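This report walks through one protein model, from its overall make-up to a few individual residues. Please look at the sequence and structure below before reading on.

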Amino acid sequence: MSKVSNEELNDLLIAIGNKDESAIEKFYGSVGKVMYKIALGILRNLPDAEDAVEKAMENIVLKAKTYRYQKNAFGWVNTIVHNVSINLLKKIQRQNDVRNLGKVTESTYQFDENSIYVNEIMGVLNAREREVIYYRFWYNMSFSEISKVYGISKSVAKYRVDRALEKARKILKIDLALPDGTEDDEGN
């Protein structure tokens, strides 16, 4: 971003907001490499960084009309690239977690009375509820870790696990005896 001053970048963003296509090319030529470096620093993957820069450019073009001239143009652009990259990283992590989750659910194991109950419970729950139960009890993840996977607060993660367990209790009319040590790492 050192190639262009903040004032020049402001002018380019105003021109982009006025649908000047040549301004888009000048803008990308001025800040494209820095945008790419920001995305690459977060995503650590070349194709994903390219996707993030492309999405950030789309956002910039779409939001340029609402851009206020006095604002710090460099900060505005950096924030958009950063947010797009973080969102893409979270999406990739969720997709990888779901793919790995499928491998666990397809594994074979010995059937006994407890596994029959577990299969009945899992059959009652929807996909999201099954996922949080797997994360909590199969992977022994804390509510904090679950919250990071979904990009939600710790209390929402705990609520989802509790709601899934309550649903299983109501439908199957059994009291699930949870094993010791199922508390969160932080005592919750």
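How many helices and how many strands does the secondary structure of the protein come to? It comes to eight helices and zero strands. Along the sequence the pattern reads α-α-α-α-α-α-α-α.

## Confidence

This is a predicted model. The average pLDDT of the protein is 81, and 80% of the residues score at least 70. Among the elements, helix α3 (residues 46–63) has the highest mean pLDDT, 94. The lowest mean, 73, belongs to helix α5 (residues 113–124). Where pLDDT is low, the predicted coordinates should not be read in detail.

## Overall make-up

The protein has 188 residues, and 36% of them count as buried. For contacts between residues at least 6 apart in sequence, 64% join residues at least 24 apart.

## Helices α2 and α3

Helix α2 (residues 21–43) packs against α3 at an angle of about 135°, and the two axes are 8 Å apart. That angle makes α2 oblique to α3. The crossing of these two helices is right-handed.

Residues from both helices form the contact. On the α2 side they are Ile24, Phe27, Tyr28, Met35, Tyr36, Ala39, Leu40 and Leu43. Their partners in α3 include Leu46, Ala49, Ala52, Val53, Ala56, Met57, Ile60 and Val61, and also the acidic residues Asp48 and Glu50.

## Helices α6 and α7

Helix α6 (residues 127–138) and α7 also pack at an angle of about 135°, with axes 10 Å apart. The two helices are therefore oblique to each other. α6 passes α7 in a right-handed crossing. From α6, the contact draws on Arg128, Glu131, Val132, Tyr135 and Arg136. From α7, it draws on Phe143, Ile146, Val149 and Tyr150.

Is α7 mostly covered or mostly uncovered? It is mostly covered, since six of its eight residues are buried. The buried residues are Phe143, Ser144, Ile146, Ser147, Val149 and Tyr150.

## After α7

Gly151 follows α7 and has a positive phi, near 70°. Ile152 lies in the loop between α7 (143–150) and α8 (154–172). Is Ile152 buried, partly exposed or exposed? Its relative accessible area is 22%, so it is partly exposed; the cut-off for buried is under 20%. Apart from neighbours within four places in sequence, Ile152 is in contact with Ser147, Ala157 and Arg160.

Most residues other than glycine have a negative phi. Where does Lys19 sit? Lys19 is in the loop between α1 (6–17) and α2. Although Lys19 is not a glycine, its phi is positive, about 65°. With a relative accessible area of 75%, Lys19 is exposed.

Arg44 is found in the loop between α2 and α3. Its phi is also positive, near 60°, and Arg44 is a residue other than glycine. The relative accessible area of Arg44 is 69%, so Arg44 is exposed.

How values were computed. Residues are numbered from 1 along each chain as its sequence is written. This is a predicted model: local features need pLDDT of at least 70, side-chain atom pairs count only at pLDDT 80 or more; totals for chains, interfaces and linings use all residues. Side-chain values use heavy atoms; hydrogens and water are left out. pLDDT is the predictor's confidence in each residue, from 0 to 100. Helices (H or I, at least four residues) and strands (E, at least two) are DSSP runs, numbered from the N terminus. Buried means under 20% relative accessible area, exposed over 50%, partly exposed in between (1.4 Å probe, protein chains only). Contact means heavy atoms within 4.5 Å. Axes are lines fitted to C-alpha atoms, for helices over the stretch in contact, and angles run from 0 to 180 degrees between N-to-C directions. Angles under 35 degrees count as roughly parallel, over 145 as roughly antiparallel, 65 to 115 as roughly perpendicular and the rest as oblique. A crossing is left-handed if the near helix is turned anticlockwise from the far one by less than a right angle, and right-handed if clockwise.
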